[in-house]
Amino acid sequence: MTTSAKILVCDHRGEGLSAVARRLAEAGHAVEVTTGLRSSLASLATSRPDLGLLDALAGGGTEAATLLAARAGEPPLPLLVVCDLREGLAERLGLSQLDAGPWDAIRRDAPAEEYLLRIERLLDLARRRAEMDELRHRAMYDDRTNLLRPLEFGEQLRAHVSAAQRHELDLALLLIDLDRFGQVNKLHDHTVGDRIIERVGGAIREALRIEDVAGRLGGDEFAVLLPDTRKVDAASVVQRLLAAIRELSGPFPGARREIEVSASIGFETLD
């Protein structure tokens, strides 16, 4: 093994994974053994394992899907599922339920070295997947604000306008420009301006719904898409954003004095 990992051995059947768990520990991995679905879910929430080794009671796909769902919104859990030769693999694993992340299946009577090799392969797949996800995220999202970059926001704008026209739905577009931001960079260190931009990005994210789309178009220019939003409701969002941005006013590290932060927002709706 090239690197150690935290492995959760879900020995729900209790039919011989203790030897495998011991071999994994000897190979330098941190191993935790659970004996039921409830304790496995609890461990997922507290110990944050890098990989799961599952020997399910029955309907392995169902238990595997439950474990994967427990990591919803996070990088998926790589999963190695134990099965018997006499059991149909597709029926045993419920393959359609395991699309959420890297997984593999192994015979119950496989030697410990094969378990180690399969686990190493899964961990490597998970690392590569995480690296690719990070690259994709950095390509789509602005580093400073974690809002969409201009090109990606443009793609989202085209898609939402098309959907709104096709299904006759309301759609609102907000354009946000910080007031007097150029003066901040003239009077203070540029790191002060960077901190303001970061906090404005956070304020925009926190003020929106999950389905809303926000992007950073330029230095101090932002845009927001509000799907299925009427003009009167868009006006309320504008007021909420204006207030959230004003609340950022005050002292900033590196600034010579307190800074007043405010914005101008224009919006239009498609109906």
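**Figure 1. E168 is an exposed residue, with a relative accessible area of 74%.** Exposed means over 50% relative accessible area, buried under 20%, and partly exposed in between (1.4 Å probe, protein chains only). The model shown here and in the other views is predicted: local features need pLDDT of at least 70 and side-chain atom pairs count only at pLDDT 80 or more, whereas totals for chains, interfaces and linings use all residues. Residues are numbered from 1 along each chain as its sequence is written, and side-chain values use heavy atoms, with hydrogens and water left out. E168 belongs to the loop that links α6 (150-167) with β6 (171-178); helices (H or I, at least four residues) and strands (E, at least two) are DSSP runs, numbered from the N terminus. Although E168 is not a glycine, its phi is positive, near 55°. Most residues other than glycine have a negative phi.

**Figure 2. D228 has a positive phi of about 50°, although it is not a glycine.** This residue sits in the loop between β8 (221-227) and α9 (231-246). With a relative accessibility of 53%, D228 counts as exposed.

**Figure 3. Helix α1 (residues 17-26) has the buried residues L17, V20, A21 and L24.** These four residues lie on the same side of α1, because they cover an arc of only 100° around the axis (from the directions between the helix axis and the C-beta atoms). An α-helix has 3.6 residues a turn, so residues three or four places apart point the same way. The exposed residues R22 and E26 are carried by the face of α1 turned away from its buried side. The cover over the buried residues of α1 includes β1 (6-11), β2 (30-34), β3 (51-55), β4 (79-83) and α5 (112-140).

**Figure 4. H29 is found in the loop between α1 and β2.** H29 is buried, at a relative accessible area of 5%. A polar atom of the H29 side chain lies 3.0 Å from the backbone nitrogen of A5.

**Figure 5. Five strands form an open sheet in the order β2-β1-β3-β4-β5, with parallel pairing.** Two strands pair if DSSP finds at least two bridges between them. The edges are held by β2 and β5 (103-107); each has a single partner strand, so one side of each is left without a neighbour in the sheet. On average, neighbouring strands of this sheet are turned by 20° against each other, direction ignored. The parallel strands β4 and β5 are joined by 5 bridges, and V81 stands opposite A105 in β5. Helix α1 packs on the sheet, touching β1, β2, β3 and β4 (contact: heavy atoms within 4.5 Å). The direction of α1 makes about 175° with that of β1; axes are lines fitted to C-alpha atoms, for helices over the stretch in contact, and angles run from 0 to 180 degrees between N-to-C directions.

**Figure 6. The protein has 9 helices and 9 strands.** Its radius of gyration, taken over C-alpha atoms, is 25 Å, well over the 18 Å that the globule rule (2.2 Å times the number of residues to the power 0.38) gives for 271 residues, so the protein is more spread out than a compact globule. Along the principal axes, the C-alpha atoms fill a box of roughly 70 × 50 × 30 Å. Of the 271 residues, 42% are buried. Among contacts between residues at least 6 apart in sequence, 69% join residues at least 24 apart.

Technical notes: Polar contact = N/O pair within 3.5 Å; in protein donor to acceptor, adjacent residues only side chain to side chain.
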